[in-house]
Amino acid sequence: MILFKYPEKQRELARVHPRVRSLLDWVANYCWQNWQEDVIVTDIFRDDPTSTHYYGRAIDLALLSRASSEDLRTLINDLFPYGGKHETVPPLDHGTAPHIHLQVQGEPYHKEV
Ligand SMILES: [Zn+2]
């Protein structure tokens with residue numbers, strides 16, 4: 001199941017790039033099937049043009065257990081390569097606190113709903 005740290009993030013999910021939305025659905029399904037864990041969305045759009053969040057191409061998730069999160073990161077990067085020198089899930093320890101950052105390639109996406 002997909003849960004939200006803040007209710008307004010649920011509305012933002014309707015505006016993200018379809019590829020990152022599909023990836024989130026895959027991750028949520030995988031976490032439930034394998035660990036009976038829900039995923040918690042902590043951030044989607046961010047007002048920083050240097051970030052993939054700005055373009056609707058990234059979603060942050062709260063860490064599962066450290067081991068599960070590292071396994072998930074490896075699996076996603078193997079199955080869904082970002083392309084080029086970046087990763088679909090970069091190292092967990094970045095930003096203000098460890099988290100799972102999912103990102104996809106694509107044109108900027110700001111779907112109006
Ligand atoms: Zn992020």
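Let us start with α2: at 1.5 Å a residue, its 18 residues should span 26 Å, and its end C-alpha atoms are 25 Å apart, which agrees. The expected span here is 1.5 Å times one less than the number of residues in the helix. Helices (H or I, at least four residues) and strands (E, at least two) are DSSP runs, numbered from the N terminus.

A word on the source: this is a predicted model, in which local features need pLDDT of at least 70, side-chain atom pairs count only at pLDDT 80 or more, and totals for chains, interfaces and linings use all residues. Residues are numbered from 1 along each chain as its sequence is written.

Within α2, the residues Val20, Leu23, Val27 and Cys31 are buried. They cover an arc of only 70 degrees around the axis, which puts them on the same side of α2; the arc is that of the directions from the helix axis to the C-beta atoms. An α-helix has 3.6 residues a turn, so residues three or four places apart point the same way. Pro18, Ser22, Asp25 and Gln33 are exposed on the other side of α2. Here a residue is buried if 20 or more other C-beta atoms lie within 10 Å of its own, exposed if 12 or fewer, and partly exposed in between, with C-beta atoms placed from the backbone.

What lies over the buried residues of α2? The cover includes β2, β3, α3 (66–79) and β4.

**The sheet**

The four strands form an open sheet in the order β1-β2-β3-β4, with mixed pairing. Its edge strands are β1 (2–4) and β4, each of which pairs on one side only. On average, neighbouring strands of this sheet are turned by 40 degrees against each other, direction ignored. α2 packs on the sheet, touching β1, β2, β3 and β4, and its direction makes about 135 degrees with that of β4. Axes are lines fitted to C-alpha atoms, for helices over the stretch in contact, and angles run from 0 to 180 degrees between N-to-C directions.

Two strands pair if DSSP finds at least two bridges between them. The pairings look like this:

| Strands | Sense | Bridges |
|---|---|---|
| β1 and β2 | parallel | three bridges |
| β2 (residues 39–43) and β3 (residues 58–61) | antiparallel | two bridges |
| β3 and β4 (residues 100–103) | antiparallel | four bridges |

Some facing residues are handy for finding your way across the sheet. Ile2 stands opposite Val39 in β2. Further along, Val41 faces Leu61 in β3, while Asp43 stands opposite Asp60 in β3. Asp60 in turn stands opposite His101 in β4.

Val16 is found in the loop between α1 (7–13) and α2 (18–35). Is Val16 buried or exposed? Val16 has 23 other C-beta atoms within 10 Å, so it is buried. Leaving out residues up to four places away in sequence, Val16 touches Arg21, Ile44, Gly56, Ile59 and Tyr109; two residues are in contact if their C-beta atoms, placed from the backbone, lie within 7 Å. Val16 and Val27 are eleven residues apart along the chain, and their C-alpha atoms are separated by 16 Å.

Just after α2 comes Gln36, with a positive phi of about 50 degrees. Most residues other than glycine have a negative phi. Gln36 is found in the loop between α2 and β2, and it counts as exposed because it has 7 C-beta neighbours inside 10 Å.

**The whole chain**

Now for the overall picture: the protein has three helices and four strands. From the N terminus on, its elements run β-α-α-β-β-α-β. Its radius of gyration is 13 Å, close to the 13 Å that the globule rule gives for 113 residues, so the protein is as compact as a globular protein of that length. That radius is taken over C-alpha atoms, and the globule rule is 2.2 Å times the number of residues to the power 0.38. Taken along the principal axes, the C-alpha atoms fill a box of roughly 35 × 35 × 25 Å. Buried residues make up 23% of the 113 residues. Of the contacts with a separation of 6 or more, 60% are between residues 24 or more positions apart.
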